[in-house]
Amino acid sequence: MTGISTHVLDTSLGRPAEGVPVELALHTEGGWQVLGTSATDSDGRVKDLPAAEAGSVVRLLFDTAAYYAGSAEQPFFPEVSIVFTVAPAQHHYHVPLLLNPFGYSVYRGS
């Protein structure tokens with residue numbers, strides 16, 4: 001099993017994005033099966049997602065509309081979906097999301 005963590009940084013404000021709902025799902029023949037849900041903490045991090053099986057295809061789904069709700073900014077992307085394959089040799093993946101109202105960037109962290 002491979003651990004998965006993430007964090008979200010709000011690049012327009014220059015600080016962690018607190019309260020972003022995050023879902024981890026597994027791709028199956030029948031579609032996406034939710035493995036777990038969480039939200040970013042005050043440091044923008046999610047550390048409590050379940051592990052994923054090696055060789056599986058998983059999706060991190062970030063509810064950016066919920067994060068921007070009530071703010072003056074309305075996001076161009078109401079959600080961000082990151083799909084990746086869990087390699088057998090990896091013990092952990094850290095997948096950071098750099099977010100602003102009009103764009104995002106994601107990378108495989110360490």
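**Terms and their grounds**

Modeller: Let us begin with the record: an unreviewed UniProt entry gives the annotation "domain: Transthyretin/hydroxyisourate hydrolase" for residues 4-109. The model itself is predicted. Over residues 4-109 the chain is 5% helix and 48% strand, and the end C-alpha atoms of this stretch lie 11 Å apart.

Biologist: Where does Glu-23 lie, and why is Glu-23 called buried or exposed?

Modeller: Glu-23 belongs to strand β3, which covers residues 21-28. Its relative accessible area is 18%. Buried means under 20%, so Glu-23 is called buried.

Biologist: What makes the pair of Glu-23 and Arg-59 a polar contact?

Modeller: The two side chains come to 3.0 Å. The limit for a pair of N or O atoms is 3.5 Å, and therefore the value of 3.0 Å falls within it.

Biologist: Which residues does Glu-23 contact, leaving aside its neighbours within four places in sequence?

Modeller: They are Val-34, Gly-36, Thr-37, Arg-59, Leu-60 and Leu-61. As for Asp-63, it is 40 residues from Glu-23 in sequence, but their C-alpha atoms are 8.4 Å apart in space.

Biologist: How do you know that β3 and β4 pair?

Modeller: Pairing requires at least two bridges, and 8 bridges join β3 to β4, so these strands pair. They run antiparallel. One of the bridges links Val-22 to Ser-38 in β4.

Biologist: How many bridges join β3 to β6, and how many join β6 to β7?

Modeller: There are 5 bridges between β3 and β6, and 6 between β6 and β7.

Biologist: What makes strand β6 mostly covered?

Modeller: Of the 6 residues in β6 (residues 57-62), 5 are buried.

Biologist: Which residues have the most contacts inside the largest nonpolar core?

Modeller: They are Ile-4, Leu-60, Phe-62 and Phe-84, in a core of 22 residues. Among the elements that each supply at least two residues of this core are β1 (3-10), β3, β6 and β7. Ile-4 is in contact with residues including Leu-24, Val-58, Leu-60 and Phe-84.

Key
Residues are numbered from 1 along each chain as its sequence is written. This is a predicted model: local features need pLDDT of at least 70, side-chain atom pairs count only at pLDDT 80 or more; totals for chains, interfaces and linings use all residues. Side-chain values use heavy atoms; hydrogens and water are left out. Helices (H or I, at least four residues) and strands (E, at least two) are DSSP runs, numbered from the N terminus. Buried means under 20% relative accessible area, exposed over 50%, partly exposed in between (1.4 Å probe, protein chains only). Contact means heavy atoms within 4.5 Å. A polar contact is a pair of N or O atoms within 3.5 Å; within protein, one must be able to donate a hydrogen and the other to accept it, and residues adjacent in sequence count only if both atoms are side-chain atoms. UniProt positions are given in the numbering used here, feature names are shortened, and annotations may be inferred rather than shown by experiment. A nonpolar core is a set of buried Ala, Val, Leu, Ile, Met, Phe, Trp, Tyr and Cys residues joined through side-chain atoms within 4.5 Å.
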